[in-house]
Amino acid sequence: MKEASFSHYDAGAYRAGAIPAMPSPPKKRERIGEELLPFGDYANIDPYQQLCEDAEFVQHLDRQDKAFYKTDDWWWDHQRIRFLKNQLGFSVILMAFPVVYFFVMLSFPYFFILSISDAMFEYSRAFASIAVPLMAIVGFCFVMIATVYTAQSAFNGLAKMVGFLFTPFHKWFASRADRYMENRCSEFNRQTGMASFAQGRKKPPLKAPFVEFDGYVERVVQRGGIFYRLMFVHRYTGKQFNQTSLSTIVDHKHEVHALWDMLQRYMDASQPMPDVPRLEPFRHLDPTTAEHDRITGRNPRYWRDLDLEAWKKGQGAALLKAQIEYPWSRQRCQLTPQLGKVEMTVYREQQQAAVA
């Protein structure tokens, strides 16, 4: 499809059909146990698992507030996709809350049984020896079931209460949060063609053109088997980035292939943005995408109004089948032939001239 407007994008915006001459990498790109992913040869398949999760999430937010995507907390739009370097502390909180909540809930039947056990034993030791363990078992089962069905609501309620209590300090927290995120936020920028990866609190993000970052299918060995995730490696420094909120661990590597395909099409200014739930509210703001949607007559609220369960049985099932059966190994990299055509010093001078 013809790109609607080049003026909307910077000169350095990524286009698979116009990858510039690039220097040779200092080391071979092949890595043992990891699969190098190609540039520029698209399957036009979006990651099924992420589509399902994001569609459910977006529909939930849309029911609460039709303008949910207008807040600063929404990190996907027509200009950039932002994501965080994985933070262990926050993950531990999310995992620990249900456990803590379970034991807090369990304390209620425990103290109730403890308070009446003496009276029951005085009344009848035989009756109490049967009733007390039985009540403990019933209480334990009840708390387990209650935890499953109420933990999420309790967490949301706690978060709202904390937010309400600290409302007077919102500006202070916002400024602290901005400083905290400064070196922890990564992004893919569609307009500029640049990618930025956080390196930690004491180091500035590594910022370079998207075409300098190779994508790999990384194998992750965990208890229960082998899993996969998308890993990024900066070709000229060797720095790798895999523990991000964007590249989560998945069961099948075709999901990683589809994620890489989606990210490339997002970055490619000559392509319409991927048709995914998180980007839907912004499609009309991107010229190439808006023109595509005008020609195809796309429903602007397709994902937000979708019957997701019906979709999973029909189009979703067909998408998953196509994702599994697609010959990913036959894709041809459009970037590889451009490597070694220019020296690094000349390449950097060309970059600086383009920015100026």
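This is a predicted model: local features need pLDDT of at least 70, side-chain atom pairs count only at pLDDT 80 or more; totals for chains, interfaces and linings use all residues.
**View 1. Helix α1 and helix α5 in contact**.
Helix α1 covers residues 48–64 and helix α5 covers residues 253–267. Their axes come within 8 Å and cross at roughly 70°. Angles of 65 to 115 degrees count as roughly perpendicular, and α1 and α5 are therefore roughly perpendicular to each other. On the α1 side, the contact is made by Tyr48, Gln49 and Gln50; on the α5 side, Glu255, Leu259 and Met262 take part. By class, the residues of this contact are three nonpolar, two polar and one charged.

**View 2. The second largest pocket**.
This pocket has a volume of about 620 Å³. Its lining consists of 26 residues, of which Ala11, Gly12, Pro209, Gln351 and Ala354 are the closest to the pocket centre. Two or more lining residues come from each of the elements β5 (206–209) and α9 (344–355). The largest share, six residues, is given by α9. Sorted by class, the lining of the second largest pocket holds 15 nonpolar, six polar and five charged residues.

**View 3. The salt bridge of Arg348 and Glu212**.
Side chains of opposite charge can pair when their charged atoms come close. Here the side chains of Arg348 and Glu212 meet at 2.7 Å, N to O. Arg348 belongs to helix α9, while Glu212 sits in the loop between β5 and β6 (213–222), so the pair ties together parts that are 136 residues apart in sequence. The count for the model comes to 21 salt bridges.

Terms used
Residues are numbered from 1 along each chain as its sequence is written. Side-chain values use heavy atoms; hydrogens and water are left out. Axes are lines fitted to C-alpha atoms, for helices over the stretch in contact, and angles run from 0 to 180 degrees between N-to-C directions. Helices (H or I, at least four residues) and strands (E, at least two) are DSSP runs, numbered from the N terminus. Angles under 35 degrees count as roughly parallel, over 145 as roughly antiparallel, 65 to 115 as roughly perpendicular and the rest as oblique. Contact means heavy atoms within 4.5 Å. Ala, Val, Leu, Ile, Met, Phe, Trp, Tyr, Cys and Pro count as nonpolar, Asp, Glu, Lys and Arg as charged, and the others, Gly among them, as polar. On a 1 Å grid over the protein atoms alone, a cavity is a set of points where a 1.4 Å probe fits but cannot get out, and a pocket is an open set with protein on both sides within 12 Å along at least five of seven lines; lining residues have an atom within 4 Å of a point. Grid points are joined across faces, edges and corners, and a volume is the space filled by probe spheres set on the points. A salt bridge is a side-chain nitrogen of Lys or Arg within 4 Å of a carboxyl oxygen of Asp or Glu.
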